[in-house]
Amino acid sequence: MATTPNDAVPLKPLQGGALVLLTIAVAFSTFMEVLDMTIVNVAVPHIAGSLGVSPSEGTWTISSYALASAIMQPLTGWLARRFGEVRTFVASVFLFVVFSMLCGLATSMPMLVLCRLLQGAGSGPMVALSLTLLLSSYPKAKQGIALALWAMTVVVAPIFGPILGGVLTDNLSWPWIFYINVPVGALAGVITWALLRNRETKTFKTPIDIIGLTLLVVGVGALQFMLDNGNDNDWFASPMITALAITALICLVFLVVWEIHAKHPVVDLSLFKQRNFTIGVTALSLGMMAFFGINVVFPLWLQTTLGYTATWAGLASAPVGVLAFLMAPVIGANIQRLELRAVVTFAFLVFAGTSFWFASFDSSASFATLVLPRFIMGIGIACFFIPLNQIYLSGLPASEIASASGLANFCRTLGSSVSTAVTVTLWQHRGEYHHATLTEYISPDQPAATGFLQQLAHSGMSSKQALSMVDQLITREALTLAVNDVFWLCAILFLLLIPMLWLARPPFGSAGGAVGH
């Protein structure tokens with residue numbers, strides 16, 4: 001075992017300007033990393049056109065990043081123990097910066113996909129370690145504020161990604177969605193290293209768990225690839241998707257069995273023996289599934305069904321960040337005085353209520369009508385994400401925070417990926433169902449239908465044109481009814497999660513302490 005000189009005496013928290021500077025640097029680096037998961041979404045058509053590939057091939061720029069990041073997140077704890085938390089974080093930031101630059105300079109789709117893959121792999125540990133470094137640098141009494149700041153960067157960044165991506169792509173060009181990471185990331189890395197290089201954690205020269213690592217890479221890679229491409233390939237009707245599902249299942253089952261018995265596991269699954277960690281991470285992952293599902297389907301519905309541009313769809317989605325941003329410091333400052341289970345329960349009730357509200361809208365809903373529930377939903381974000389992170393970290397020693405945060409972020413990311421795959425597929429299938437149901441009302445024995453067709457005929461349309469217009473209207477209403485179904489399902493999931501929260505065991509003391517075992 002190799003240790004640093006700082007191991008003997010616990011380091012004092014940072015104070016004053018140094019703490020403010022570190023917080024800004026870590027927050028911005030985390031914001032850029034999470035932002036990159038969604039900033040590319042709106043630029044895919046531009047990227048595909050520029051590099052001469054189809055839009056479906058262009059989505060590889062999204063899936064390659066998510067795949068590599070998902071694989072690296074559960075490895076965060078092992079990397080931090082092996083190389084030190086500060087070194088691992090700073091190296092992760094600089095790898096993110098280098099491969100962001102190379103993504104912008106890419107001249108072909110294979111080169112861009114490879115750079116996005118390496119960008120995702122390099123940046124994988126950033127989010128989890130940013131939380132670990134903040135918690136270790138803040139005084140115990142102010143760790144709630146650190147948790148609040150970190151949580152908001154992770155939750156709000158994906159919401160603003162499509163807006164920033166749309167603005168940069170429309171006004172400059174698609175490479176700028178990558179170039180913007182370079183100055184921000186480089187500055188964040190330099191500041192973090194300058195402030196924390198003498199506060200490195202102790203390191204352990206543990207052997208590499210080759211079998212566990214291989215099972216993790218193949219299992220998570222196959223699962224992420226299946227989730228990203230399943231909808232485009234009609235899921236299990238595709239031999240490729242079926243093969244990926246079987247591969248993922250076998251590798252992940254063997255990974256769990258192997259890691260439980262491994263002497264030096266690459267993923268510390270023993271964390272799930274902690275009741276609060278298990279309940280907190282489960283509630284976080286399933287809650288993110290429902291929350292992320294709404295955030296995926298809502299702008300998609302606006303663009304494909306109501307005719308919104310990418311920028312306007314982003315503006316309709318963005319108000320959710322306003323109250324979240326304002327509430328985060330309040331929750332963070334008072335986190336030690338709150339009954340966290342009650343706060344998360346309130347968040348799930350807000351999410352469920354606004355989801356039911358969304359489910360009542362029709363295709364004629366105005367922009368202002370759509371924005372109001374998004375705005376109110378923001379109250380729930382701070383009350384959901386910050387307390388749940390405190391719950392799953394409660395009682396864990398400081399040495400396990402990096403592993404716990406990495407594993408929790410992996411579960412959260414996986415929940416988001418599953419949510420995207422399931423909600424988009426469900427929306428499309430329910431849209432087809434409602435289309436078939438509504439079409440039954442277009443027949444000679446339905447006065448309303450025949451009357452509308454006659455009006456179209458009197459306006460000069462041919463029979464074929466009139467039926468085509470009716471089909472467009474039916475599709476619009478069918479997809480609106482389908483999106484309502486998705487909102488209903490998400491609302492019900494939020495309500496079902498509430499009883500599970502109360503299985504967590506208080507007190508929920510500061511992370512890195514010995515409370516709540």
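User: Where is Phe-31 found?

Analyst: Phe-31 is found in helix H1 (residues 16–35); a helix here is a DSSP run of H or I with at least four residues, numbered from the N terminus. The model is predicted, and local features need pLDDT of at least 70, side-chain atom pairs count only at pLDDT 80 or more, and totals for chains, interfaces and linings use all residues. Residues are numbered from 1 along each chain as its sequence is written, and side-chain values use heavy atoms, leaving out hydrogens and water.

User: Why is Phe-31 called partly exposed?

Analyst: Its relative accessible area is 23%. Buried means under 20%, exposed means over 50%, and partly exposed is in between (1.4 Å probe, protein chains only). The 23% of Phe-31 falls in between, so the residue is partly exposed.

User: Which residues does Phe-31 touch, not counting those up to four places away in sequence?

Analyst: Phe-31 touches Thr-153 and Ala-157, where contact means heavy atoms within 4.5 Å. Phe-31 and Val-184 are 153 residues apart in sequence and 10.0 Å apart in space, C-alpha to C-alpha.

User: Is Ser-69 buried or exposed?

Analyst: Its relative accessible area is 0%, under the cut-off for buried, so Ser-69 is buried. The place of Ser-69 is in helix H4 (residues 60–72). Neighbours within four places in sequence aside, Ser-69 is in contact with Glu-33, Met-37, Gly-120, Ala-121 and Gly-124.

User: Why is Ser-364 called exposed?

Analyst: Its relative accessibility is 60%, over the cut-off for exposed, so Ser-364 counts as exposed. Ser-364 is placed in the loop between H17 and H18. From Ser-364 to Trp-502 there are 138 residues in sequence and 40 Å in space, C-alpha to C-alpha.

User: What makes H17 roughly antiparallel to H18?

Analyst: The axes of helix H17 (residues 340–358) and helix H18 (residues 367–393) come within 8 Å and cross at roughly 155 degrees. Axes are lines fitted to C-alpha atoms, for helices over the stretch in contact, and angles run from 0 to 180 degrees between N-to-C directions. Angles under 35 degrees count as roughly parallel, over 145 as roughly antiparallel, 65 to 115 as roughly perpendicular and the rest as oblique. The angle of roughly 155 degrees is over 145, so H17 is roughly antiparallel to H18. By class, their contact has 22 nonpolar, 4 polar and 1 charged residues. Nonpolar means Ala, Val, Leu, Ile, Met, Phe, Trp, Tyr, Cys and Pro, charged means Asp, Glu, Lys and Arg, and the others, Gly among them, are polar.

User: How do you know that H14 and H18 are roughly antiparallel?

Analyst: The axes of helix H14 (residues 275–304) and H18 come within 10 Å and cross at roughly 160 degrees. That angle is over the antiparallel cut-off, and H14 and H18 are therefore roughly antiparallel to each other. The residues of their contact divide into 18 nonpolar, 4 polar and 1 charged.

User: How many disulfides are found in the whole structure?

Analyst: A search finds 0 disulfides, a disulfide being a pair of cysteine sulfur atoms within 2.5 Å. The sulfur of Cys-383 is 19 Å from the closest cysteine sulfur, in Cys-490, which is too far for a bond. Cys-383 is also buried, at a relative accessible area of 3%. Cys-411 is in no disulfide either, with the nearest cysteine sulfur, that of Cys-251, 18 Å away.

User: Why does Cys-411 count as buried?

Analyst: Its relative accessibility is 18%, under the cut-off for buried, so Cys-411 counts as buried.

User: What makes Arg-430 partly exposed?

Analyst: Arg-430 has 30% relative accessibility, in between the cut-offs, so it counts as partly exposed. Arg-430 lies in helix H19 (residues 401–439). Not counting residues up to four places away in sequence, Arg-430 touches Ala-482 and Asp-485. Arg-430 and Leu-51 are 379 residues apart in sequence and 34 Å apart in space, C-alpha to C-alpha.

Terms used: Helices (H or I, at least four residues) and strands (E, at least two) are DSSP runs, numbered from the N terminus.
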